Amino acid sequence: MNTGPAAMNNPAATSAPTSANSAVANTATAIVNIASLVTNDPSLGWGTPRSSKFESGGGTPLGLIQDAAVVIDGDRVVWVGESSKAPATDNRVDAGGRAVIPGFVDSHSHLVFAGDRTAEFSARMSGRPYQAGGIRTTVAATRAASDADLERNLRRYLDEALRQGTTTFETKSGYGLTVEDEARALRIAAGHTDEVTYLGAHIVSPDYADDPAAYVELVTGEMLDACAPYARWIDVFCEKGAFDGDQARAILTAGKAKGLHPRVHANQLTFGPGVQLAVELDAASADHCTHLTDADVDALAHSSTVATLLPGAEFSTRAQWPNARRLLDAGATVALSTDCNPGSSFTSSVPFCIALAVRDMGMTPDEALWSATAGGAAALRRTDVGRLTAGARADLLLLDAPSHVHLAYRPGVPLVAGVWRAGVLSWPPRWAA
């Protein structure tokens, strides 16, 4: 077998098998000579924890295996372990001493929209504070766009995210705010992901500025009826300038009655009821979590609701950073996501968010990577993604680095050298020398 980096020119390079394993089909593919493999199975490998949450039998939830291999068959991982013990397969890929990690799970994005808000960003960088009302600019552009325009935009950002390692993503409506525009946004999104969120309650529609109660009635009635068939989740922006606690509870409760599970934009701009409401309604996630009381942190730590942190928003609005360290030390489950949207976090890069979380939010590189993979999966209540263990979906990234730590250590550098999604090499389409 060619063990040098040049072997990566052919990702299906075939070699003589080194060992036999009847449980693995010969038609499977083994990726071998991995310097460091992140499995996110704490029973495997080793690590150096910082907080008690990350201690498990002397290791961390990353389940690091050095000099490792992973075998994929169809769309599933069927084996992980030391490279020298990899079972026989017809196809082998030499990782060339690089690291392999699970694909990123971006559990919070807003990708069905038109236009951008460059002028707003420039003004904000000149000193104007971020406010929820800026969403109206995107609403106007999105309503004016054709289905083809919205589809083209969505594909563009999905391709962009894939190149940076995102293999599972959630995305929301929220830039139409009419029955027709919300439904078409979700219909378009559902063509690309199962993780679709109805966010008719992003802000009160400009059409109902003088009658917010009537808009809540629309969101929980006719609009919900039209949107529910395309969505798995329901979300609400529970914030000053958007929806208060009582309105948010009514919206989420109506969604649950239609079979949609709650998520909540919570405590981004101010202290408020969002986190407590999320926990009360067993929301899969409370997202942003920037302004938290001790009671909020305690509620998250003693619930199954994931605290999803979105550092791209704080970066782009020059706002206070969420305190990830406080949440982790309390025992809360934390996810990291991009919040990719044209107004407050126009980035599709999970590696960028990992670097921000390590630099400015008190996370270790191990914690940040776990939160961007297994944490994102927990925020979507998924067990098939965010990990590399037997039975998991074969979503994995080859990094052009010997360790996952380089994601934070070398910020801004394009380190994703290869992406397998559901067992298929999805990027790049052709290996570079």
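**Entry 1: a loop**

I began with arginine 381, which lies in the loop between helix 14 (374–379) and strand 16 (396–399). I'm working on a predicted model, where local features need pLDDT of at least 70, side-chain atom pairs count only at pLDDT 80 or more, and totals for chains, interfaces and linings use all residues. Residues are numbered from 1 along each chain as its sequence is written, and side-chain values use heavy atoms, with hydrogens and water left out. Helices (H or I, at least four residues) and strands (E, at least two) are DSSP runs, numbered from the N terminus.

Arginine 381 isn't a glycine, yet its phi is positive, about 50°. Is arginine 381 buried, exposed or partly exposed? I got 31% relative accessibility, so arginine 381 counts as partly exposed. The cut-offs I noted: buried means under 20% relative accessible area, exposed means over 50%, and partly exposed is in between (1.4 Å probe, protein chains only).

Threonine 383 is also found in the loop between helix 14 and strand 16. Threonine 383 has 63% relative accessibility and therefore counts as exposed. I also checked a distance here: the C-alpha atoms of threonine 383 and arginine 393 are separated by 9.3 Å, with the two residues 10 apart along the chain.

**Entry 2: another positive phi**

Aspartate 339 has a positive phi of about 55°, and it isn't a glycine either. I found aspartate 339 in the loop between strand 15 (334–336) and helix 12. Its relative accessibility is 2%, so aspartate 339 counts as buried.

**Entry 3: helix 12**

I moved on to helix 12 (residues 350–360). At its start, a side-chain oxygen of serine 349 reaches to within 3.1 Å of the backbone nitrogen of phenylalanine 352. After helix 12 comes glycine 362, with a positive phi near 80°.

Which residues of helix 12 are buried? My list reads Val350, Pro351, Cys353, Ile354, Ala355, Leu356 and Ala357. These buried residues pack against strand 6 (104–106), strand 7 (166–169), helix 10 (311–317), strand 15, helix 13 and helix 15 (406–409).

I took a closer look at helix 13 (residues 365–372), which packs with helix 12 at an angle of about 140°, their axes 9 Å apart. That makes helix 12 oblique to helix 13. Axes are lines fitted to C-alpha atoms, for helices over the stretch in contact, and angles run from 0 to 180 degrees between N-to-C directions. Angles under 35 degrees count as roughly parallel, over 145 as roughly antiparallel, 65 to 115 as roughly perpendicular and the rest as oblique.

On the helix 12 side I see Val350, Ile354, Ala357 and Val358, which meet Pro365, Ala368, Leu369 and Ala372 of helix 13. By class, this contact has 8 nonpolar, no polar and no charged residues. Contact means heavy atoms within 4.5 Å. Ala, Val, Leu, Ile, Met, Phe, Trp, Tyr, Cys and Pro count as nonpolar, Asp, Glu, Lys and Arg as charged, and the others, Gly among them, as polar. An α-helix has 3.6 residues a turn, so residues three or four places apart point the same way.

**Entry 4: helix 5 and helix 7**

Helix 5 brings Pro212, Val216, Val219 and Thr220 to the contact, and helix 7 brings Gln247, Ala250, Ile251 and Ala254. I sorted the contact residues into 6 nonpolar, 2 polar and no charged.

**Entry 5: aspartate 235**

Aspartate 235 sits in strand 10 (residues 233–238). With a relative accessible area of 0%, aspartate 235 is buried. What does its side chain make a polar contact with? I found the side chain of histidine 265, at 3.0 Å. A polar contact is a pair of N or O atoms within 3.5 Å; within protein, one must be able to donate a hydrogen and the other to accept it, and residues adjacent in sequence count only if both atoms are side-chain atoms. Leaving aside neighbours within four places in sequence, the residues in contact with aspartate 235 include Lys172, Tyr198, Leu252 and Arg263.

A cis peptide bond joins tryptophan 427 and proline 428, with omega about -10°. Proline 428 is in the segment after strand 18 (424–427).

Buried residues make up 58% of its 433 residues.
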